[in-house]
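I opened this structure to go through it step by step, and these entries keep a record of what I looked up.

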2 protein chains.
Amino acid sequence: MSQDPPEAGDGPSYPELSLWAGRHPVIAVDAMGGDYAPDEIVAGALTAQRENDVTVLLTGPPARLRPVISRLGAGPELRVVPAEDVVRMDEGALSSFRRPRSSIAVACQLVRRGQASAVVSAGSTGAVVATARHRLLSLPGVPRPGIAVVLPTSPNPTVLIDAGATADPKPEMLLQFGQLGTAYAQIALGIASPKVGLLTIGAEPGKGNILTRRAHELLAAEPPPGAMAINFVGNVEGGDLMDGVVDVIVTDGFTGNVALKTLEGALRFAAGELRGALTGTRTAKVGALLQRRGLRDLNDRLDSESYGGAAMLGMGGTVVIAHGASTARAVASACALAADLSRGGITEKIRQRIGPQPERRFRRRDREPRNPEARNTEAK
Amino acid sequence: MSQDPPEAGDGPSYPELSLWAGRHPVIAVDAMGGDYAPDEIVAGALTAQRENDVTVLLTGPPARLRPVISRLGAGPELRVVPAEDVVRMDEGALSSFRRPRSSIAVACQLVRRGQASAVVSAGSTGAVVATARHRLLSLPGVPRPGIAVVLPTSPNPTVLIDAGATADPKPEMLLQFGQLGTAYAQIALGIASPKVGLLTIGAEPGKGNILTRRAHELLAAEPPPGAMAINFVGNVEGGDLMDGVVDVIVTDGFTGNVALKTLEGALRFAAGELRGALTGTRTAKVGALLQRRGLRDLNDRLDSESYGGAAMLGMGGTVVIAHGASTARAVASACALAADLSRGGITEKIRQRIGPQPERRFRRRDREPRNPEARNTEAK
């Protein structure tokens, strides 16, 4: 074990951390991830702890976090778990993978050790995904994680999964994403039997590419023995993303990421065009004044800060990834989402939905094996 | 040859049709494709012929088209090429494939026989793509066609290719789509050296799925012997679609179709939200009146009717696919686009860009082979 890095949670500092296992969520917040870290992250975490009945553990260099905490007038109520290394926003997945003392790695370790129930990070998505995949174990029967995001459809929101964790999934993984998305919609949106659709190009079952044609068959078939049934309603197209026709949209991480970013870009474009139209002429300006309230409402609806963030599911713990440009408000929303998912027992729910898996996998999990190559890398 | 269906263009009716080969475009218009066929199609084709210095050949049942033409006061100036069969809008690709006498099949035959330079259809995309792939030959070195659409980016438009013709392309096909898109942007948008980007998930070369990582290598490498260089500038993401950062965006038909429909859906959603915001309160209504002109301008920018339609490229003739709900104005725009592409010699330009191909393929093309199985199917 001498090659192992010192791990957060070891030592005498927080012996009570292992007690999170009840319904009271303990959220490990990566205080150093995000464009406005650590100030906005700490402020958001403090708001979440004060307003959401959660305990927050901030991971990062204590010398940098303590002054921020003091300025906010928080003092000992906010706990800091030391993590001296920081993954910069421009670092790729590979470099972050090798940083066991980074604030995001330590946050993941807290979950893996059972000392926190979920992670919140506004770090770069690539780095967070790579670190979480490395530090958290997969759930039995879920070889790849999926990222769930909530689209601001009206009147009901829609969950899109996967928004970018797994770029080249097998058809079977899309079936599992259907289970993850169903569990997420049940807990985060309170929908008892979420309608699940498959994102493809054409409404009929035979339409799509090779991946989605096979995934359609799997989603439409009887569930595997022990797994719970998915309420699969068929194919949806890109144009349906904002229509709220289904509660959960299943897709591969490549298509999901392109679709999500296209959506965001299009709404940004429309808002820009609108601003141009509203301020172009003098009479238009007067009109804009009269409409200010209506436009503000619209803006709030389209504002991603209020959604909470993207939830990486399918591992032995949930990671909520907030936008890199997150302010305190966005971080507080992300913590609230992480708390909701923890209270709802998302990991256990997914385990139940997927059903019992072959003995071998359970044994491997009990032994908590490590990839020896990865350990060597860490020791460098 | 007895099994062959009677083909349009045979017989004495239009011996002059073979003379299109100059720069004067002859557009074969599928008069029966589209929700408002044949009335709006005929009206649009007439407008195009009168205003765009093109000759239009309408394909469809003469008994249905003649009265429409008379009502429009056109008479003999609009030519009709008989095609008694009609592919309905709800018919799939497979059924249309087997309909050699359909208006879209006859229109494609006119191009294949050299009697028209391009096809315009507002029929169902699946049916048009399947029929065109079957009736028109591939270009040497371009095993699969790509559909190019122009996105309404500001200030400069962007070409997206492929928007849905080839759902599971090989990486080499994405390289060819780069050539098709470059030729299209040069002719339709007048850009001398179009900047080409690859749609993927992450800006760095190593990002994406297996397909795009390999396609990136091919696009960034020296062109194959004889092929012209592509001005490849790197990866773009979904959020860049509306930013106009590049002139041509290359993607597979699955991702491209999802992205395009997501874009349309998001702009529709934003317009709906806007309408709600603008008419919600009495003061907002007054404001809306004042802004009417600004909003109309915006609406025109977002209105797909003015773009002309999607161009299916990479075959021995261009097919412009107009929206199924096309009105006369949209059909006229599609004819104008088809005429521009014909005048610019798009097929020849693509051939030059791709470069000379192994002798074998040229010979096959000269013999104009037919798939014997397909012929049997036709004879049913």
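**Entry 1**

I began with helix H5 of chain A, where the buried residues are Ala127(A), Val128(A), Val129(A), Ala130(A), Thr131(A), Ala132(A), His134(A) and Arg135(A). I note here that the model is predicted. Eight of the 11 residues of this helix, which spans 125-135 of chain A, are buried, so H5(A) is largely enclosed by the rest of the structure.

I then looked up helix H5 of chain B, again residues 125-135, and found eight of its 11 residues buried, so that helix is likewise largely enclosed by the rest of the structure. The buried residues of H5(B) are Ala127(B), Val128(B), Val129(B), Ala130(B), Thr131(B), Ala132(B), His134(B) and Arg135(B).

**Entry 1: what H5(B) meets in H4(B)**

Two packed helices are described by the angle between their axes and the distance between the axes. For helix H4 (residues 103-112) of chain B and H5(B), I read axes that come within 9 Å and cross at roughly 35°, and the crossing is right-handed. From H4(B), the residues in contact are Ile104(B), Ala105(B), Cys108(B), Gln109(B) and Arg112(B), and they meet Val128(B), Thr131(B), Ala132(B), His134(B) and Arg135(B) in H5(B). Sorted by class, this contact has five nonpolar, three polar and two charged residues. I note that Arg135(B), which takes part in the contact with H4(B), is also listed among the buried residues of H5(B).

**Entry 2: two further helix pairs in chain B**

Next I took helix H1 (residues 39-51) and helix H11 (residues 328-343) of chain B, whose axes come within 7 Å and cross at roughly 45°. That angle makes H1(B) oblique to H11(B), and their crossing is right-handed. On the H1(B) side I listed Glu40(B), Ile41(B), Ala43(B), Gly44(B), Ala45(B), Thr47(B) and Ala48(B), which meet Ala328(B), Val331(B), Ala332(B) and Cys335(B) in H11(B). By class, the contact of H1(B) with H11(B) has eight nonpolar, two polar and one charged residues.

I went on to helix H6 (residues 171-188) and helix H12 (residues 346-354) of chain B, where the axes come within 9 Å and cross at roughly 135°. H6(B) and H12(B) are therefore oblique to each other, with a right-handed crossing. H6(B) contributes Gln176(B), Gln179(B), Leu180(B), Thr182(B), Ala183(B), Tyr184(B), Gln186(B) and Ile187(B) to the contact, while H12(B) contributes Ile346(B), Lys349(B), Ile350(B), Arg353(B) and Ile354(B). Seven nonpolar, four polar and two charged residues make up the contact of H6(B) with H12(B).

Which peptide bond in chain A is cis, with omega near -5°? I found that it is the bond from Ala37(A) to Pro38(A), and that Pro38(A) lies in the loop between strand S1 (26-30) and helix H1 (39-52) of chain A. In chain B, a cis peptide bond joins Ala37(B) and Pro38(B), with omega about -5°, and Pro38(B) has its place in the loop between strand S1 (26-30) and H1 of chain B.

I then moved to the loop between H1 and strand S2 (55-60) of chain A, which holds Asp53(A). Phi of Asp53(A) is near 55°, a positive value in a residue other than glycine. Is Asp53(A) buried or exposed? Its relative accessible area is 55%, so Asp53(A) is exposed. In chain B, Asp53(B) is in the loop between H1 and strand S2 (55-60), with phi near 55°, again positive in a residue other than glycine. Asp53(B) is exposed as well, because its relative accessible area is 53%, where exposed means over 50%.

**Entry 3: Leu198(A) and chain A as a whole**

I looked up Leu198(A), which is found in strand S7 (residues 196-199) of chain A; Leu198(A) is buried, with a relative accessible area of 1%. Leaving aside neighbours within four places in sequence, its contacts include Leu174(A), His216(A), Phe232(A) and Val250(A). Leu198(A) and Arg50(A) are 148 residues apart in sequence, and their C-alpha atoms are 39 Å apart in space.

For chain A overall, I noted 14 helices and 11 strands, and 57% of its 380 residues count as buried. Among contacts in chain A between residues at least 6 apart in sequence, 73% join residues at least 24 apart. The accessible surface of chain A comes to about 15900 Å², of which 51% belongs to carbon and sulfur atoms.

How values were computed:
Residues are numbered from 1 along each chain as its sequence is written. Chains are lettered from A and ligands numbered from 1 in the order in which they are written. This is a predicted model: local features need pLDDT of at least 70, side-chain atom pairs count only at pLDDT 80 or more; totals for chains, interfaces and linings use all residues. Side-chain values use heavy atoms; hydrogens and water are left out. Axes are lines fitted to C-alpha atoms, for helices over the stretch in contact, and angles run from 0 to 180 degrees between N-to-C directions. Helices (H or I, at least four residues) and strands (E, at least two) are DSSP runs, numbered from the N terminus. Angles under 35 degrees count as roughly parallel, over 145 as roughly antiparallel, 65 to 115 as roughly perpendicular and the rest as oblique. A crossing is left-handed if the near helix is turned anticlockwise from the far one by less than a right angle, and right-handed if clockwise. Contact means heavy atoms within 4.5 Å. Ala, Val, Leu, Ile, Met, Phe, Trp, Tyr, Cys and Pro count as nonpolar, Asp, Glu, Lys and Arg as charged, and the others, Gly among them, as polar. Buried means under 20% relative accessible area, exposed over 50%, partly exposed in between (1.4 Å probe, protein chains only). Accessible areas come from the Shrake-Rupley method with a 1.4 Å probe; for residues, only the protein chains shown count as cover.
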